[in-house]
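Hello,

Here is the structure I promised to pass on. Have a look at it first, and then read on for what turned up.

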Amino acid sequence: MFVELDVPITMDDGTVLRADVFRPVADGQYPVLLSYGPYAKDLHFEDGYPDAWRMMCEQHPDVPAGSTNRYQAWEVADPEKWVSQDYVCVRVDSRGAGQSPGVVESFSPREVRDAYDCVEWAGVQPWSSGKVAMSGISYYAIMQWRVAALQPPHLAAIVVWEGMHDLYREGVYHGGIRSTFISGWYPNQVSTVQHGLGDRAPRGRLKRRSVAGDETLTEQALAANRTDFDQEVVRHSHDDEFFADRRADLSKVTVPLLSGANWGGHGLHLRGNLEAYLGAASENKWLELHGLEHWVHYYTDYGRKLQLQFLDHFLKGKNNGWDERPPVLMNVRHPGETFAFREEHEWPLARTEWTELYLDASDLTLRPDPPTTDAHVTYQAMKEGVSFTTVLSEATEITGPASASLRISSETEDADLFLVLQVFDPLGEEVAFTGAVQTHAPVAHGWLRASHRSLDAERSLPWRPFHPHDKSEPLIPGQRYDVEVEIWPTSIVIPPGFTLALTVQGHDYEPPGHVPDTRTQWASMRGVGPFKHNDPNDRPEEVFGGTVTLHTGGENAPRVLLPVIPESKAS
């Protein structure tokens, strides 16, 4: 493998970004895998994220096998495994990060334009076939939707592995409630490798130098070279132009794409992989759904071989059968963290039996028919919520998006609704899963700030209500309101005798043995992981800590809509 470090790529404004290029030794022209992101190309995966690397290698020995792993970096392809398949790997440090100078502006249009220029640079190099694919996890995936929408001529495909599309709804305001993930992510993963940290940053393995550039800037200079993204988010509490500028026009995404989604990706990426897959105009698009940790299947033989077959077909023109594969490749989840691979032809599945279960506050049950009498139940928002349950008499698969229709009243002018879909075994133990970045994750989550209850009728679907989040409409204390809540998609085959529950409460899901959150525990790995909603400025207790009442029965009786898959139910 021929390795070139710190290759300069000049942007349209004259800024020079730095990239590492890994390519086959033999002369020739090869397709390119390109990644652009802020996590420092020189920082080895194991040095930056030692626990994640150790656990992945222990649990999935195929990941480190067949490679020296010398060039492994966080959330991007291992060049040894791709160059050996006759690809060139190009890793670019985004503007202001790692070895690239400039101002850090996370998710900005400036970054997208830079990535466009990098694609076009890679497409005309003497070692390039002229066909470039973007590939990577998370940030490296998020960029791809937006770069593809600009339609760079040399972009031939994208591999979007666990990458959100809608920054407002999927990243920073779940149902209008601020997620504080960014507050921890930025100083823990972005600022730590900002260009100019020099001697204060970790040292890389390849050149034994700072991963954040040779120059050591003052704290004042560093601050001047980065936008305060967290404060930008706070200033924009509604879905306005700030977020519109950071969302792709999916009607312009036309390249072949493989969207890899994680069932456990509640709180960041799952919804985006699915919504962008549905919205993309590409004639050739595939959706893959898996479980386990955020980074695992990008590197396992399972995930890597899927990517290779896809890319070989579209970048090398190989007649390898990829175009004959159905467009949906899913790993259906079972209790005990087991999965059954299945190919489908659409999303949501056409044979879905959209099943309504009605909430009954008189006995806290979920029932197939609307209750005949009205009832209500009350909970304190910051304490234990209310669970509605049903025991399943036969095996039932729930795979797809879900929603809930609730009728609420609050003693204050607003209420934050946290919905949790859960499964319990016959002994009452919760069936939990490994989430993308958290342990003990429930089946699914949904969120809504009641003052954001207005709907976009044209964009709403029964199984995915769409809230524009463009205004706040305070509640009149004590008055009843009907609200629609989106529940992010899920997959679970529930055995007979198990209990399905919908819990409604006023705070984040907390599993058994929950450790109370602190300001420094941004990445607590249980329950909701780092995707907490604990900003006291966004959720003052005098507004969001009051009593909430759930009303059931009556016309348009409150219910949850579930995607039941009949074949599994019949079996």
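Helix 11 is largely enclosed by the rest of the structure, because eight of its ten residues are buried. The buried ones are Leu 270, Arg 271, Gly 272, Asn 273, Leu 274, Glu 275, Ala 276 and Tyr 277. Here, buried means under 20% relative accessible area, exposed means over 50%, and partly exposed is in between, with a 1.4 Å probe and protein chains only. Helices are DSSP runs of H or I with at least four residues, strands are runs of E with at least two, and both are numbered from the N terminus.

Before you go further, please keep in mind that this is a predicted model: local features need pLDDT of at least 70 and side-chain atom pairs count only at pLDDT 80 or more, while totals for chains, interfaces and linings use all residues. Residues are numbered from 1 along each chain as its sequence is written, and side-chain values use heavy atoms, with hydrogens and water left out.

**Salt bridges**

The structure holds 42 salt bridges, each being a side-chain nitrogen of Lys or Arg within 4 Å of a carboxyl oxygen of Asp or Glu. Arg 271 counts as buried at 3% relative accessibility, and Glu 170 counts as buried at 0%.

Another bridge joins Arg 178 to Asp 230, at 3.3 Å from N to O. These two also connect distant parts of the chain: Arg 178 belongs to strand 8 (residues 177–178) and Asp 230 to helix 9 (residues 229–235), 52 residues apart. Both Arg 178 and Asp 230 are buried.

An α-helix has 3.6 residues a turn, so residues three or four places apart point the same way. Glu 232 is partly exposed at 23% relative accessibility, and Arg 235 is exposed, with a relative accessible area of 53%. There is a network too: salt bridges that share partners join Asp 12, Asp 13, Arg 95, Arg 110, Arg 113, Asp 114 and Asp 117.

**The largest cavity**

The search of the whole structure found nine cavities of 30 Å³ or more. A cavity is a set of points, on a 1 Å grid over the protein atoms alone, where a 1.4 Å probe fits but cannot get out; lining residues have an atom within 4 Å of a point. The largest cavity has a volume of about 130 Å³, where a volume is the space filled by probe spheres set on the points, and grid points are joined across faces, edges and corners. Arg 271 is one of its lining residues, and among the others are Arg 169, Trp 447, His 467, Glu 486 and Trp 488. Strand 19 (444–449) and strand 20 (481–494) are the elements that give two or more residues to this lining.

**Aromatic contacts**

How many aromatic pairs does the search of the whole structure find? There are 33, counting rings of Phe, Tyr and Trp (its six-membered ring) with centres within 6.5 Å; planes under 30 degrees apart count as stacked, over 60 as edge-to-face and the rest as tilted. Phe 45 and Tyr 299 form an edge-to-face pair, because their ring centres are 5.9 Å apart and their planes are at 70°. Phe 45 is in helix 1 (residues 45–48) and Tyr 299 is in helix 12 (residues 296–299), 254 residues apart. Both Phe 45 and Tyr 299 are buried.

Trp 286 and Trp 322 make a tilted pair, 5.4 Å centre to centre with 55° between the planes. Trp 286 sits in strand 10 (residues 285–290), and Trp 322 in the loop between helix 13 (301–315) and strand 11 (328–334). Both Trp 286 and Trp 322 are buried. In that loop you will also find Asp 323, which counts as partly exposed at 43% relative accessibility.

Best wishes

Key: 1 Å grid on protein atoms, 1.4 Å probe; cavity = no way out; pocket = protein on both sides within 12 Å on 5 of 7 lines; lining within 4 Å.
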